[in-house]
Amino acid sequence: DWVMGDYITEAVQKIREQVGDEEVILGLSGGVDSSVAAALIHRAIGDQLTCVFVDHGLLRLHEGDMVMDMFAGKLHAKVIRVDASELFLGKLAGVTDPEKKRKIIGGLFVDVFKAEAEKLKASGQGHKGATFLAQGTIYPDVIESGGAKSKKAVTIKSHHNVGGLPEQLGLKLLEPLRELFKDEVRELGVALGLPHDMVYRHPFPGPGLGVRILGEVKKEYADLLRRADAIFIEELRSTLDADSGKSWYDLTSQAFAVFLPVKSVGVMGDGRTYDYVVALRAVQTSDFMTADWAELPYALLKKVSSRIINEVRGINRVTYDVSSKPPATIEWE
Ligand code: XMP
């Protein structure tokens with residue numbers, strides 16, 4: 001609509017004034033905020049923006065390809081895709097403590113991003129490298145970082161909106177979404193031409209599947225979990241609630257599968273199986289501080305369970321998490 005159109009014109013003008021003829025680097029995560037920030041900044045300054053997408057090996061199924069298709073393919077933005085999965089999985093080997101896992105993932109993310117920024121500078125492709133670091137910081141993040149917050153919140157923001165990184169890199173900050181609420185960021189994303197499904201996505205934690213694989217993270221576990229999770233999300237998206245006409249994806253605030261590294265016995269044909277367990281989690285919440293488990297239709301749960309067990313060899317049992325927050329948290333770690 002024209003109101004958003006005016007907003008974009010103004011925001012684009014402001015970004016151009018602030019950046020001038022300098023270069024900007026941005027960490028693209030696939031999440032809503034960094035995606036909308038990237039689309040807006042790209043609209044303003046085109047190839048003066050370089051996006052860095054770090055694949056830590058703990059992303060959802062086809063996530064990396066989807067991000068590349070959208071930003072490099074459709075928007076023609078400069079995107080560097082860094083496959084750092086071996087590095088991350090290597091450093092996570094043998095680590096079981098959730099907060100240690102978070103620290104390792106967050107720390108490596110900063111290292112990898114810094115290395116890319118330095119490389120870009122050294123390559124000197126007609127420029128002196130980026131002088132701005134762009135971040136998808138939104139208004140609630142700004143408020144949050146003023147007040148007291150949980151340990152987890154600190155980790156969250158130190159991961160994506162990389163705390164201290166601008167100083168370490170000697171970069172100026174560019175945060176064009178700083179004054180917007182989440183709903184406004186979403187509207188802006190749609191107005192910039194990003195697909196509805198990307199802009200209305202559930203939140204995904206920075207450490208990704210790293211905190212959805214309980215205990216030690218292994219590639220084998222991540223591969224199984226990715227496939228189970230994709231089936232769950234696909235069914236949530238395609239199952240409509242008769243009353244509201246909305247999909248169960250849109251009726252839940254966050255939904256995902258969790259990998260439990262325990263084996264249980266099952267039967268398959270004439271044989272006995274001894275395989276891993278997956279838990280499904282779906283919650284409804286307005287602020288993520290408290291949350292109710294979602295009363296998904298039995299038919300939906302039934303379909304998801306049978307698809308996962310039939311399609312993902314290595315998983316023979318699916319459970320549904322009926323714990324609310326508090327006392328449980330949304331994530332299992
Ligand atoms: P919990 O599990 O604390 O989650 O109820 C509340 C919200 O925060 C997200 N979350 C994280 N996001 N890094 C993130 O970027 C993290 O380490 C992290 N831990 C939890 C979680 O997905 C939920 O939306």
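Analyst: Let's start with the whole and then zoom in. This predicted model has 13 helices and nine strands. Its radius of gyration is 21 Å, close to the 20 Å that the globule rule gives for 333 residues, so the protein is as compact as a globular protein of that length. Along the principal axes, the C-alpha atoms fill a box of roughly 70 × 45 × 40 Å.

The chain is divided into two parts: domain 1 covers residues 2-199, and domain 2 covers residues 212-320. Where they touch, domain 1 contributes 10 residues and domain 2 contributes nine. On the domain 1 side of this contact you will find five nonpolar, three polar and two charged residues. The C-alpha centres of the two domains are 29 Å apart.

Now for the close look. Two packed helices are described by the angle between their axes and the distance between the axes. Please find helix α11, residues 219-238, and helix α13, residues 298-311. Their axes are 9 Å apart, and the helices pack at an angle of about 150°. That angle makes α11 roughly antiparallel to α13, because angles over 145 degrees count as such. As for handedness, α11 and α13 cross in a right-handed way.

Which residues bring this pair together? From α11 come Ala228, Ile231, Phe232 and Glu235. They meet Leu300, Lys303, Val304, Arg307, Ile308 and Glu311 of α13. Sorted by class, this contact holds six nonpolar and four charged residues, with no polar ones.

Helix α4, residues 85-92, and helix α5, residues 98-123, have axes that come within 10 Å and cross at roughly 150°. These two helices are therefore roughly antiparallel to each other, and the crossing of α4 and α5 is right-handed. On the α4 side, the residues to look for are Leu87, Phe88, Lys91 and Leu92. Their partners in α5 are Lys101, Ile104, Ile105 and Leu108. In this contact of α4 with α5, six residues are nonpolar, two are charged and none is polar.

Methods:
Residues are numbered from 1 along each chain as its sequence is written. This is a predicted model: local features need pLDDT of at least 70, side-chain atom pairs count only at pLDDT 80 or more; totals for chains, interfaces and linings use all residues. Domain bounds come from an automatic or database domain assignment. Two residues are in contact if their C-beta atoms, placed from the backbone, lie within 7 Å. Ala, Val, Leu, Ile, Met, Phe, Trp, Tyr, Cys and Pro count as nonpolar, Asp, Glu, Lys and Arg as charged, and the others, Gly among them, as polar. Axes are lines fitted to C-alpha atoms, for helices over the stretch in contact, and angles run from 0 to 180 degrees between N-to-C directions. Helices (H or I, at least four residues) and strands (E, at least two) are DSSP runs, numbered from the N terminus. Angles under 35 degrees count as roughly parallel, over 145 as roughly antiparallel, 65 to 115 as roughly perpendicular and the rest as oblique. A crossing is left-handed if the near helix is turned anticlockwise from the far one by less than a right angle, and right-handed if clockwise. The radius of gyration is taken over C-alpha atoms; the globule rule is 2.2 Å times the number of residues to the power 0.38.
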